[in-house]
Amino acid sequence: MKPNDNLHDEVNIVNLIVNLIDWERLGVHLEGTANSGEEAYEYILEHFIDVLIVDINMPGMDGLELIEKVRDKHPTTNVIVVSGYQHFDYAYRAIK
C-alpha cells in the first residue's frame with residue numbers, strides 16, 4: 001500500500017457519508033468535514049458542534065483521542081463512532 005492510499009481511503013469514506021445521508025431531510029446542517037483527527041479538532045476548537053461522526057482509525061490523531069479531547073472542551077457533543085475494526089475491545093473503549 002502506498003503512503004497516500006490511507007488518506008485516499010479516508011477521503012472516500014468521508015465523501016460516502018456526506019453523500020449517503022439526506023441531511024436536509026433529517027433537519028441537520030452538515031457543518032463540515034475533516035480528513036484527520038488534527039483537522040477535526042482544530043475546527044472543533046473554534047466551533048461548537050452538536051454531533052461528531054468519527055472513525056476510530058484516522059490519520060494523525062486517532063478517533064479515540066479526538067473523542068477524549070472533544071469531551072474535555074464540549075462535554076455535551078454527541079459522538080457517533082464508525083469503524084472497520086473487527087476488534088471489539090477497541091470499539092468498546094470508544095463507547096466507554
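Mentor: Happy to! Let's start from Leu66: leaving aside neighbours within four places in sequence, Leu66 is in contact with Gly37, Ala40, Tyr41, Leu52, Val54, Met58 and Met61, where contact means heavy atoms within 4.5 Å. Before going on, note that this is a predicted model, in which local features need pLDDT of at least 70 and side-chain atom pairs count only at pLDDT 80 or more, while totals for chains, interfaces and linings use all residues. Residues are numbered from 1 along each chain as its sequence is written, and side-chain values use heavy atoms, with hydrogens and water left out.

For orientation, the protein has four helices and two strands, in the order α-α-β-α-β-α along the sequence. Helices (H or I, at least four residues) and strands (E, at least two) are DSSP runs, numbered from the N terminus.

Now to the helix pair. α2 and α3 (residues 63-73) pack at an angle of about 5 degrees with their axes 10 Å apart; axes are lines fitted to C-alpha atoms, for helices over the stretch in contact, and angles run from 0 to 180 degrees between N-to-C directions. The two helices, α2 and α3, are therefore roughly parallel, a label for angles under 35 degrees. On the α2 side, the contact is made by Gly37, Ala40, Tyr41, Ile44 and Leu45, and on the α3 side by Leu66, Lys69, Val70 and Lys73. By class, that contact has six nonpolar, one polar and two charged residues; Ala, Val, Leu, Ile, Met, Phe, Trp, Tyr, Cys and Pro count as nonpolar, Asp, Glu, Lys and Arg as charged, and the others, Gly among them, as polar.

Which residues of α2 are buried? They are Gly37, Ala40, Tyr41 and Ile44, buried meaning under 20% relative accessible area, exposed over 50% and partly exposed in between (1.4 Å probe, protein chains only). These residues lie on the same side of α2 because they cover an arc of only 95 degrees around the axis, taken from the directions from the helix axis to the C-beta atoms. The buried residues of α2 pack against β1 (51-55) and α3, whereas Glu42 and Glu46 are exposed on the other side of α2.

Finally, the largest nonpolar core has 11 residues, including Ala40, Tyr41, Leu52 and Leu66; such a core is a set of buried Ala, Val, Leu, Ile, Met, Phe, Trp, Tyr and Cys residues joined through side-chain atoms within 4.5 Å. The elements giving two or more residues to this core are α2, β1 and α3.

Key: Angles under 35 degrees count as roughly parallel, over 145 as roughly antiparallel, 65 to 115 as roughly perpendicular and the rest as oblique.
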